[in-house]
Amino acid sequence: MADDFMLDLAELRNIRNIAKRPRVVSLISSEIRKLEKVICLTLAEEAGSTVTSQTQTPSPTLTPTPTPTPTPISTAKMVSNPAVNYLTLGSFSWEQDNDKVKIYVTLEGVDQEKMEVVFKPMSVDVKFHDVQGKNYRCAIPKLNKEIVPEKCKVVVKPTRVIITLPKASKGNWLDLHFKEDKLKPNVDKGGDPMAGIMDLMKNMYEEGDDEMKKTIAKAWTDARSGKAADPLKEYR
């Protein structure tokens, strides 16, 4: 009986040596530990039976076979090394409904066991390790609005990755990224009211197209020279 168990043990160890998936290796290691205990008990019983049958032979001292300590298998997700270089995935698509936002990252060969994901109420950071020999990162340091980190999930498909972000409050997002309302003048009641208007015009100029910049520049020049037109003229 013990011989059969020893053959089983040898075969399981061979299978563990060629296994690659962490979960499979862990399961096989668990079975190996169980079988090793069974072998020890079987050997002890067989040795005891031999001692009983040989009544005139002094009882030998049994030395239990030491159980090998298997190498622990780590199933934790990979932790990034500060020295690792990442290629930034700046181009991706997204969609939303009233309850959640979905981000679609086009990337082939992603192993979910080699991902590192950090969700916070106002940010997302997803790292993909060893994707065809390279490391990638998709990060949004400040989202448009808050999400529920504990309900977020990542699904890996053959050619893309889907990141689902449940919204903390229902509603429509104007953008995925947070953007300050630059069109609202920052007027301090105790300060110069013109300062807020100047900041507003500056923001409009910086973010506007060529036509907008020409319009603002002309209006500014006319105002300084006293040639500004009456904006309500055509309504009077």
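Which residues have the most contacts inside the largest nonpolar core? Keep that in mind while you look around this predicted model.

**Stop 1: the sheet.** Colour the strands and look for an open sheet of 4 strands, in the order β1-β6-β5-β4 with mixed pairing. Its edge strands are β1 (87-88) and β4 (115-120), each of which pairs on one side only. In general, strands of a sheet pair through backbone hydrogen bonds, either parallel or antiparallel.

**Stop 2: β4 and β5.** Now select residues 123-131, which make up β5. This strand runs antiparallel to β4, and 6 bridges join the two.

**Stop 3: N135.** Hop over to β6 (residues 134-140), where you'll find N135. Show its side chain, and you'll see that it reaches the backbone nitrogen of D130 at 2.9 Å. Leaving aside neighbours within four places in sequence, N135 is also in contact with other residues, including V84, Y86, L87 and F128.

**Stop 4: the largest core.** Time to settle the opening question. Select V105, L107, F128, L143, I163 and L165: they have the most contacts inside this core of 24 residues. At least two core residues come from each of β3 (100-106), β4, β5, β6 and β8 (160-166). The strand that gives the most is β5, with 4 residues.

Click on L165 next. Not counting residues up to four places away in sequence, L165 touches K100, V101, I103, F119, V124, L143, I147 and C152.

**Last stop: another core.** Finish by selecting F5, I28, I32 and L35, which are among the 6 residues of a second, separate core.

Methods: Residues are numbered from 1 along each chain as its sequence is written. This is a predicted model: local features need pLDDT of at least 70, side-chain atom pairs count only at pLDDT 80 or more; totals for chains, interfaces and linings use all residues. Side-chain values use heavy atoms; hydrogens and water are left out. Two strands pair if DSSP finds at least two bridges between them. A polar contact is a pair of N or O atoms within 3.5 Å; within protein, one must be able to donate a hydrogen and the other to accept it, and residues adjacent in sequence count only if both atoms are side-chain atoms. Contact means heavy atoms within 4.5 Å. A nonpolar core is a set of buried Ala, Val, Leu, Ile, Met, Phe, Trp, Tyr and Cys residues joined through side-chain atoms within 4.5 Å. Buried means under 20% relative accessible area, exposed over 50%, partly exposed in between (1.4 Å probe, protein chains only).
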